[in-house]
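Subject: Structure for your files

Hello,

Here is the structure I said I would pass on.

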Amino acid sequence: MGLVNPASENLEVEGTQVSTMSPNWVTTRLDFLVNWARKNSLWPMPFGTACCAIEYMATAASRFDIARFGMERQSFSPRQADVFICAGRVPFKLAPVLRRIWDQMPQPKWCISMGACASTGNVFDNYTVVQGIDTIIPVDVYVPGCPPRPEGLIYGIQLLQKKIAGETFTDQDLRQEATYGPGNLFLPPARIDELSEPFGNSVHQTRSQ
Amino acid sequence: MSAPVQAAAASPGGHYVPHAPQGAQPETVAALRAAFGDAIGRDVLVCGETIVYVARERAHEILAWLQTTPGQEFDYLTDITAVEYRDPELPIEVVYQLRSLARRADLRVKIALDKTQPLEVDTVWDLWKGCDWLEREVYDMFGIVFRGHPDLRRLLMWETYAEGHPLRKDFPLRGHFSRAEQTRQALAAQPEAHYSLEELSIADAYHELPADMRERLLKGERGTLT
Amino acid sequence: MSSTLRTVEMALATPGLDEQGRVVRQPLGVADRAEPGAEGSYDEGFGAEHMLVNIGPQHPATHGVLRLVLELEGETVKRCIPHIGYLHTGFEKLGEYRFYNQIIPLTDRTDYLAPMANNVGLAMAAEKLMGIRITERCQVLRVIACEMSRIISHLVWLGTTGIDLGAYTPFLWAFQQRERIYNLQEAWTGARLTPSVTRVGGLMADVPEGFEAGLRDFTRTFPKVLDEVDTMFTRNAIWIGRTQGVGVMTAQEAINYSLSGPMLRASGVAYDVRKDRPYLGYEEYDFDVPVGEYGDIYDRYRVRLEEMYQSNRILEQALDKLAKLQGAPINVDDPRVILPPKSKAMNDMESMIHHFKVVMEGVKPPVGEAYLGIENPKGELGYYFVSDGTAKPVRWRIRPPAMINLAALPKMCEGALLSDVIAINASVDIVMGEVDR
């Protein structure tokens, strides 16, 4: 994943070095081959919790059929999965489970946050729902919607495929595992609070009170 | 603020059409008063349903009487929940929705708990097994202890949840802690720590746990409260 | 319905029935195989330990984020301890900060397999609190919404239970039929899965052109799909072997554990809210309610399958009624509750004031409380509102049938085998959004 890990901004990260291999014709051809193989055989790990999981199942069923995108085998074991699709709202009780499943996935791995709940917490701005799983794990593609239509999820998968196609193995930072700061946090605490700020008047859904 | 429950009047849509013709239970109320006298508080008819307030001390007896007495036979427990009003002076009410399948009758029994006293009620687990998780949820959300419940742990929040009881009115919608703190606490809770002491004793693994996990389990685990 | 419901009974090689009438199962225990020390017997120390197995919360067969902790002796379950709360979203707390109409989108997301039925239940509970009587066309449309929801919920149950027990194809058939209902839901409300179709006092919108024809077409062809499923499962030896006699709840236990819906009826208790406390004019429809006898997974399957046939029947009758109510209003004619149409709100001062008040201040019910239970596909869904006269409820309680049915899981799993636990869990028909709220 080409994300710079935010938790490492204040830390000394070892191993980051200038790439000694500069991209050339051979590397781009290799990239093309490897990325083509990866993007067309993504095995999803469906971390389905709520309503989005039902739309995910509908996407996997015969009308929309994500098997045509290489996602023939839903890999419920994270050890054999490529894409972590978080479909549904994630309460705080489920957060350590999600983090553990993500950590159990081997590289190369990507993450699709399906639906508004997984992306931002949706209307559930309360004591129990994680305000976006990107406060816990790195996310590659966000698919908005409540729930997103199967076509929307497929578009998200296609965006991920485009992202994978743009990767290059000469990038040393690409496949680094996320590092966690103090308290096992993926982002600095101030950033989590900033991302979870209520949007508009989300406590009282009316302007008059 | 007026008393919490009154008969429905001056409703926006005009006249009320009762949902269940046998909603009101005047005979049951009369029989209760005859059998228990002072332990029965006021009774109200709201939206076609009868609500009876009972005293906490004899509540278990009254509910058992309602379940077993021929002519009452409230053999089905529909729901147990609690209500806290916005007016802080008003008591918290534990609400039992009872139903008699044979007589097609509904009854709502309420116990008003003064907030200055400890919030405790006797369990009805020996009467209706269906109260198990319902009482655990009321404990989790309101902090009301059900004396005699075999396994009164938190149900919906994790066992060592430290922020409080969410459905209380003094609990803010987003919780007491900041988002970062909530995330930190959530991630710090190891999934294995969500095994109860009972479960770990099965696996004989309790003694192999690190000391701090045992500490936390001891703090979070509830067990029988009598 | 008595034992005619059971078409095929598998002769189990068991010692017989116990005193409660349940089939005695002979699990592959360790101790009763052979004399200790004899050839083929297990060591005392080796086989006597009980194992703690954790299933979930992330697991394909738990139907959501449910965590089961099992104490196993060999392959037999001694104790099953479920842990829920992994999808707790705080709906009831949120409801205290919303107007009644703003709570309706929240109800889509509790039981997301039957969203329209939840919407209907909430609107009816609010109308009971406020003393509103809805129009006839609205009643018929709400019956259509409820029965469509029943069908799609049972179809998910069918598909996922089939997968859990090893049959993958009916899942695809079920989801194909669901897509047809989704098309209708989308045409009506704009959303496939989160319709929010009702409002207090009426509906979001009337059904569009082509909806009735589409639904008629569905009711004509749907029974054939159910016949195919029936062919696949009902006399299938594997299905029977895995479902008959498994996960039994007797009638007395079912009542005591507060089960509802198909779980209760499969155990032999003839209780259906539509028949015993009719709402939305259900007393005028001609339909049967299947009641089982043995309270095992097979009976629950038969009950739910038959309920789908009956829902189809109700839909046909509702469409006939709807045809007679062309052009009738769907909303109650009360400007304090229903928004006036935009054309009037823009041109007429009084309508504009009503529009403003309903939107900005909400609908204010009288002081009081109301509980209303409806027959959801999972069981009796109850909404309990407590109002202090303001536009936001003091307390909104969802009586979750899935959670209360699930609480009986430890009872049903006692003495079962590990693979039975998955089958029993599937037969409870849970949806974690409702269990955890």
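This is a predicted model: local features need pLDDT of at least 70, side-chain atom pairs count only at pLDDT 80 or more; totals for chains, interfaces and linings use all residues.

Residues are numbered from 1 along each chain as its sequence is written, chains are lettered from A and ligands numbered from 1 in the order in which they are written, and side-chain values use heavy atoms, with hydrogens and water left out.

The largest pocket holds about 900 Å³ of space. (A pocket is an open set of points on a 1 Å grid over the protein atoms alone, where a 1.4 Å probe fits, with protein on both sides within 12 Å along at least five of seven lines; lining residues have an atom within 4 Å of a point. The volume is the space filled by probe spheres set on the points, which are joined across faces, edges and corners.) Its lining has 41 residues, and A:M57, A:F76, C:P60, C:T160 and C:F171 are the closest to the centre. Helix 5 of chain C gives the most to this lining, 6 residues. (Helices are DSSP runs of H or I with at least four residues, strands are runs of E with at least two, and both are numbered from the N terminus.)

Interface. Chain C puts 68 residues and chain B 70 residues into their contact (heavy atoms within 4.5 Å). The two chains bury about 5,800 Å² between them, 55% of it on carbon and sulfur atoms; buried area is the accessible area (1.4 Å probe) lost on putting two parts together, summed over both. On the chain C side, C:K93, C:R277 and C:E369 lose the most area to chain B, together 12% of what that side buries.

Cysteines. There are 0 disulfides over all chains (a disulfide is a pair of cysteine sulfur atoms within 2.5 Å). For A:C146, the nearest cysteine sulfur belongs to A:C117, 5.4 Å away.

Backbone. The peptide bond from A:C146 to A:P147 is cis, with omega near -10°. A:P147 sits in the loop between strand 4 (141-143) and helix 5 (150-165) of chain A. C:S258 has a positive phi, near 60°, and counts as buried at 0% relative accessibility (buried is under 20% relative accessible area, exposed over 50%, partly exposed in between, with a 1.4 Å probe and protein chains only).

Regards
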